Amino acid sequence: MLMVLLQMGMVMVGNAVVGIVSYMVFTILDLVDPVLCVVYKLIDYLVEAEWKPCYCFSPQEDRSSRSRRSILAVNSLEGNTKIVCHCLTKVEMEGISETLYSRKPLFRELVMSTVFCFKKLRVFKALKPNNQRLRTSTVKHAFQVNSSTIVESLPAHKGHLQPPVPLTPRWSDCDCTTCASWHSSSKETLYVKVQGKGAELLDNNKAGASDVIFIHGFISSSTFWTETVFPNFSESAKSRYRLFAVDLLGFGRSPKPTDSLYTLTEHVDMIERSVLLPHRIKSFHVVAHSLGCIIALALAARFPGAVASLTLLAPPYFPVPVGLEGSDFVLRQLAPRKVWPPIAFGASVASWYEHVSRTVCLLICKHHRLWDFIAKQITRNRIKTFLIDGFMCHTHHSAWHTLHNVICGTASKMDAYLDMVKKQEECKVTVFHGRDDELLPAKCSEALKCRIPRAQLKIIDKTDHITIVVGRQKLFATELEEIWKDS
């Protein structure tokens, strides 16, 4: 009895210490982020002659009631005027998450007053003419909107006009061969690694019936699959299936456009354009990890009857309580603003602080070749560094928008996707989750099974968010073959 009380006391003290330290650390970050906002606007202007729009400032309309709408007049160079309806409901319809601009750091007013002071001092006097000059000299159709970051960044969807993607990476992004190879390619498709019998079929321009699409998770790449389970498939499986591992839009070797908002629709469209259409795939299996599970469910919803099986690993499914806003609820579940465990701290920094996370990308992603070299020297090439490569090969713009628009922004759609999959009784659903996963708890998969009762749920002991695959890849490859065979 005494030992139990002692353990309870230690847990309470530990939680109190974590709470106090978390409050102090995130208070400091609340102050640092708006300062970095000003710093990056200055550097962007000095290096690129224009500042990068951010989500620190919302237009006055965004601070109004949820039912209110603002009408923005968009004037094109041809003299035509387009009307864009800008309100929270419209933004959600376009696949843009509320969490992008509804986050409220403690010191936001400080950076607002600082920028206003700069404007009075005419620090950015030449900014607007420069932007107009750059756009009008390089594109036939352009528009000017001075209301919000979201409307400024709208992609060319459904009549929205958009400036072209720059031909060179931003100064804060990596320009190595791996990260920037898509700039020199004429193809506007994802990087796809094909193995199995697909190699011979593609050479002969033939289509195969047994196809599998592998979708990686957040800040990862196709190497998560090609370096783990692909080498461990049996010869029988390699001769029977075409295996497609994709780098999602904005990650790995795939394009990283600066004018994309990386919505769920864009990710699904790119997979359709890069895999399903060119390889004439009609029926397929899907294996997805973490963030990729959301995209996998959206694929199954878009192509009902085409998905033979869904294998989901650590799906980020948080049922939203009635009365709460979905994207904000998921953000707080995924990024609880705590310093412990470390993976929760990393998720909190990446989710809440736009400019702090941009600094992290500047230090890590832009210099990933250096970090890869250091890792190889420390390990003396005794271990593969594919996880490091996948973790670092992205831009801040792609990671930031994918996190908010896909993981958080789809919270209100997840139940509908799951219900559509539930109705597709011919689709076999299998869910794996690590019991020790500190980023996405096992209750996420348990909730998913409650939504789809026929789903087979496997909670794997002594595994976490990564080791659910890495470390047990041979066993997992065997499990996948059994799932596909039964389907």
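Predicted model: local features only at pLDDT ≥ 70, side-chain atom pairs only at ≥ 80, totals over all residues.
The mean pLDDT of the protein is 81, and 75% of the residues reach 70 or more.

Next comes a region of empty space. Rolling a probe the size of a water molecule over the atoms shows where such space is left. The second largest pocket holds about 930 Å³ of space. It is lined by 32 residues, and the closest to its centre are Phe 218, Ile 219, Gly 346, Ala 347 and Phe 391. Four helices each supply at least two residues of the lining: H14 (342-352), H15 (354-364), H17 (386-392) and H18 (396-408). The largest share comes from H14, with 6 residues. Sorted by class, the lining has 23 nonpolar and 9 polar residues, and no charged ones.

The loop between helix H13 (326-334) and H14 contains Pro 341. A cis peptide bond joins Trp 340 to Pro 341, with omega at about 0 degrees.

The cysteines can be looked at next. A disulfide is a covalent bond between the sulfur atoms of two cysteines. The structure holds 0 disulfides. For Cys 176, the closest cysteine sulfur is that of Cys 174, and because the two sulfurs are 3.4 Å apart, they are too far from each other for a bond. Cys 176 is buried, since its relative accessible area is 5%. Cys 408 is buried as well, with a value of 0%.

Another buried residue is Glu 98, which has a relative accessible area of 9%. Glu 98 sits in the loop between helix H2 (88-93) and helix H3 (99-102). Along the sequence, Glu 98 and Asn 405 are 307 residues apart, yet their C-alpha atoms are 8.4 Å apart in space.

Two further loop residues have a positive phi without being glycine. In Arg 280, phi is near 50 degrees. Arg 280 lies in the loop between helix H11 (264-276) and strand S7 (284-289), and counts as partly exposed because its relative accessible area is 44%. In Lys 462, phi is near 60 degrees. Lys 462 belongs to the loop between strand S10 (456-460) and helix H21 (473-486). With a relative accessible area of 78%, Lys 462 is exposed.

Key. Residues numbered from 1 in each chain as written. Heavy atoms only, no water. 1 Å grid on protein atoms, 1.4 Å probe; cavity = no way out; pocket = protein on both sides within 12 Å on 5 of 7 lines; lining within 4 Å. Points joined across faces, edges and corners; volume = space filled by probe spheres on them. Nonpolar A, V, L, I, M, F, W, Y, C, P; charged D, E, K, R; others polar. pLDDT = per-residue confidence, 0-100. Disulfide = S-S within 2.5 Å. Buried < 20%, exposed > 50% of the residue type's maximum accessible area, 1.4 Å probe, protein only.
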